[in-house]
Amino acid sequence: VTCTDMGVLCGNNSEAAFAKYGSISLKGAYCHEMALRIALGSIESHCARYKRYIRPLLSISVDFYIRLFVRVFTGAARVKDSASKKAYVYRCVGCDSFHLQRVGDRKS
């Protein structure tokens, strides 16, 4: 999967990122990593609708695009674990530090 809209994914237009990917992007030193995670989250949520889940193999961020290599599997039981892979990012505007809060937790 190749995404060529790094301006949207790196925080220049958060409204467009929410409309296209279902996430709000933030500007920061880690914007390219966040762009990869937003794209992976979008792919995961679209696959979950069809009882499929993904395993990322390789992700590359180069210049103005990102490229993701994922393997897609079928399994309704593993799709339920997708919430434990996602998190909200809380960022301090003063010092640019951040904290992650997981959306879900996997129970055995």
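Which strand gives the largest share of the nonpolar patch? In this predicted model, the answer is strand E2, residues 52–62, with 3 residues of the patch.

Start with the patch itself. Leu57, Leu58, Ile60 and Phe69 make up this nonpolar area on the surface. Together they have about 350 Å² of accessible area. Ile60 lies in strand E2. Its relative accessible area is 31%. Ile60 therefore counts as partly exposed, because that class lies between the buried limit of 20% and the exposed limit of 50%.

Now follow E2 to its partner. Strand E3 spans residues 65–74 and runs antiparallel to E2. The two are joined by 10 bridges. E2 and E3 form a hairpin with 2 residues between the strands. In this hairpin, Asp63 takes a positive phi near 45°.

Next, move along the chain to Ser84. This residue sits in the loop between helix H4 (76–79) and strand E4 (87–91). Is Ser84 buried or exposed? Ser84 is buried, because its relative accessible area is 18% and the buried class means under 20%.

What does Ser84 touch beyond its sequence neighbours up to four places away? The contacts are Arg102, Gly104, Asp105 and Arg106. Ser84 and Ser61 are 23 residues apart along the chain. Their C-alpha atoms are separated by 25 Å.

Key
Residues are numbered from 1 along each chain as its sequence is written. This is a predicted model: local features need pLDDT of at least 70, side-chain atom pairs count only at pLDDT 80 or more; totals for chains, interfaces and linings use all residues. Side-chain values use heavy atoms; hydrogens and water are left out. Helices (H or I, at least four residues) and strands (E, at least two) are DSSP runs, numbered from the N terminus. Buried means under 20% relative accessible area, exposed over 50%, partly exposed in between (1.4 Å probe, protein chains only). Contact means heavy atoms within 4.5 Å. Patches are made of residues with over 30% relative accessible area and no salt bridge: like charges are joined within 9 Å, nonpolar side chains (Val, Leu, Ile, Met, Phe, Trp, Tyr) within 5 Å. Accessible areas come from the Shrake-Rupley method with a 1.4 Å probe; for residues, only the protein chains shown count as cover. A salt bridge is a side-chain nitrogen of Lys or Arg within 4 Å of a carboxyl oxygen of Asp or Glu. Two strands pair if DSSP finds at least two bridges between them.
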